[in-house]
Amino acid sequence: DPPKHFDPSDSRMSQESQVRRFGNQPPSEETEYTFSFSHLTPSLPFFIIENDGNLTRHFFCMDKESTYHFALAHLPSFGQARLSSLLSVFPSAESLWSATSSDFRERNVPSKLAERFFAERNGVDLTESLSYCNKLGIQFVHRGQPEYPELLKQIPDAPIGIFYLGTLPTLEYRIAVVGTRRPSQYGLQVTRSVVHAIAERNIVIISGLAMGIDGTAHRETLRAGGITVAVIASGLDSVYPRFHTGLVKEVVKSGGAIISEFPPGTEALRHHFPMRNRIIAGLAHGVLVTEAPVNSGALLTATLGLEYNRDIFAVPGPVTMETCAGTNNLIRSGANLVASAQDILTFYHLATEKETMQELPFDQLTTTEQQVLKSMSREPTTVDQLTQLCTLESSVVSATLTLLQMKRLIESTDPLHFVRIR
């Protein structure tokens with residue numbers, strides 16, 4: 001069996017030793033094996049073993065410090081704060097991973113913590129973990145590497161490393177789009193409208209792969225031909241929810257990434273989701289909440305974004321809808337109101353004057369939007385009046401009025417009255 005701990009920087013092992021460690025049969029005298037050194041990313045090299053010119057086996061062989069960060073990320077009860085504290089008293093990840101009891105005592109590390117560290121370290125099979133990640137195409141980057149996202153590195157509780165599938169984003173602007181798992185039709189329509197427009201302008205869309213607003217944001221970005229990043233609360237080998245397994249493949253195929261601070265084999269536990277939310281906020285320049293009730297986890301992401309000095313955006317919703325109470329409260333507390341994608345584009349100086357003044361053609365409206373708009377004039381009209389004129393439910397009218405406001409076709413003169421402006 002391969003040893004649990006090995007020196008990944010030692011590239012001078014014999015052929016037989018290399019093949020044995022990587023789980024293949026020793027070569028026969030007639031078999032010609034050649035070794036080459038290639039790169040998945042500039043900092044993540046791996047060995048290629050070729051047999052008569054045909055690829056037979058490949059294996060990650062990260063630089064030494066990266067490998068020990070990778071190993072530390074596998075300790076289940078050692079989160080970012082605890083590992084950062086330990087790394088602050090050890091000169092390197094390697095020295096921490098290889099530490100003895102006396103090393104911990106010299107640094108005044110509590111004995112119970114040291115015992116837990118040793119127990120969990122002994123449970124990590126580095127060779128197996130590296131091989132498993134390589135098999136699945138999972139990559140790893142730690143805080144000390146240039147590939148680690150710069151924005152994420154800036155937050156005080158950034159993970160020591162992240163696992164990812166795909167390609168980490170490099171575009172200049174990134175917006176996190178979050179919201180309720182149980183959105184209304186209004187919330188879905190608003191999310192699609194805003195996300196599609198800003199994704200077309202090369203803004204990376206970041207979300208959490210959850211049902212509802214998150215999944216809608218990812219899918220709409222892909223429809224717009226944009227780049228999206230999903231941050232999940234489990235290991236990358238067990239996508240949660242499973243319903244989005246196909247979506248994960250599309251995200252990666254389209255040039256995006258799936259990110260997690262949890263190693264493969266980790267289940268999505270309840271306390272992992274707030275941890276995931278901080279990464280969503282940390283990766284983005286701004287956080288947009290499109291629909292959320294007052295107890296939504298999306299509001300935690302917005303709160304974290306505020307703590308990280310991110311721009312906070314929220315879409316207003318009908319006051320009669322509970323699923324909009326959280327976003328309305330955000331706006332009341334000072335979040336930037338988003339009535340259309342142009343508000344975000346203008347905020348980041350990405351909208352041209354022509355785009356800012358552009359009027360939506362009438363034939364691009366839904367049947368309900370056309371019906372409500374035709375029933376309005378330059379004179380103030382109430383929801384109750386429009387409900388009678390259009391023979392629609394008041395909730396439908398309220399949601400439609402908000403959408404028409406976002407499209408800059410109407411405006412409110414006060415909380416109860418609306419006028420047509422185009």
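A polar contact is a pair of N or O atoms within 3.5 Å. In this predicted model, such a contact involves Gln-139, whose side chain places a polar atom 3.4 Å from the backbone oxygen of Gly-166. Gln-139 belongs to strand S4, which spans residues 139-142. With a relative accessible area of 8%, Gln-139 is buried, because that value lies under the 20% limit.

Strand S4 forms part of an open sheet of 9 strands with mixed pairing, in the order S4-S5-S9-S8-S7-S6-S10-S11-S12. Phe-163 has Ser-260, in S9, as its bridge partner. Helix H13 (residues 297-307) packs on the sheet, where it touches strand S6 (173-179), strand S10 (286-291) and strand S11 (311-314). The direction of helix H13 makes about 155° with that of S10.

In soluble globular proteins, nonpolar side chains tend to be buried together. The largest nonpolar core of the model comprises 40 residues, and Leu-72 and Phe-104 have the most contacts inside it. Two or more residues of this core come from each of several elements, among them helix H2 (64-72), helix H6 (111-122), helix H7 (126-136) and strand S5 (161-166). Beyond its neighbours within four places in sequence, Phe-104 contacts Leu-86, Phe-90, Leu-96, Ala-99, Val-109, Ala-114, Phe-117 and Phe-118. A second, separate core has 34 residues, including Ala-257, Ile-259, Val-287 and Leu-299.

The model contains 7 salt bridges. One of them joins Glu-94 to Lys-64, with the closest N and O atoms 3.8 Å apart. This pair connects distant parts of the chain, since Glu-94 lies in helix H4 and Lys-64 in helix H2, 30 residues apart. Both partners are partly exposed, at relative accessible areas of 26% for Glu-94 and 27% for Lys-64. In the salt bridge between Glu-106 and Arg-107, the closest N and O atoms are 4.0 Å apart; Glu-106 is exposed at 61%, whereas Arg-107 is partly exposed at 27%.

Glu-261 and Arg-278 also form a salt bridge, their closest N and O atoms being 2.6 Å apart. Glu-261 lies in the loop between S9 and helix H12 (272-283), and Arg-278, 17 residues away, lies in helix H12. Here Glu-261 is buried at 11% relative accessibility, and Arg-278 is buried at 7%.

Notes
Residues numbered from 1 in each chain as written. Predicted model: local features only at pLDDT ≥ 70, side-chain atom pairs only at ≥ 80, totals over all residues. Heavy atoms only, no water. Core = buried A, V, L, I, M, F, W, Y, C linked by side-chain atoms within 4.5 Å. Buried < 20%, exposed > 50% of the residue type's maximum accessible area, 1.4 Å probe, protein only. Helix = DSSP H or I, 4+ residues; strand = E, 2+ residues; numbered from the N terminus. Contact = heavy atoms within 4.5 Å. Polar contact = N/O pair within 3.5 Å; in protein donor to acceptor, adjacent residues only side chain to side chain. Pairing = 2+ DSSP bridges. Axes fitted to C-alpha atoms, helices over the stretch in contact; angles between N-to-C directions. Salt bridge = Lys/Arg side-chain N within 4 Å of Asp/Glu carboxyl O.
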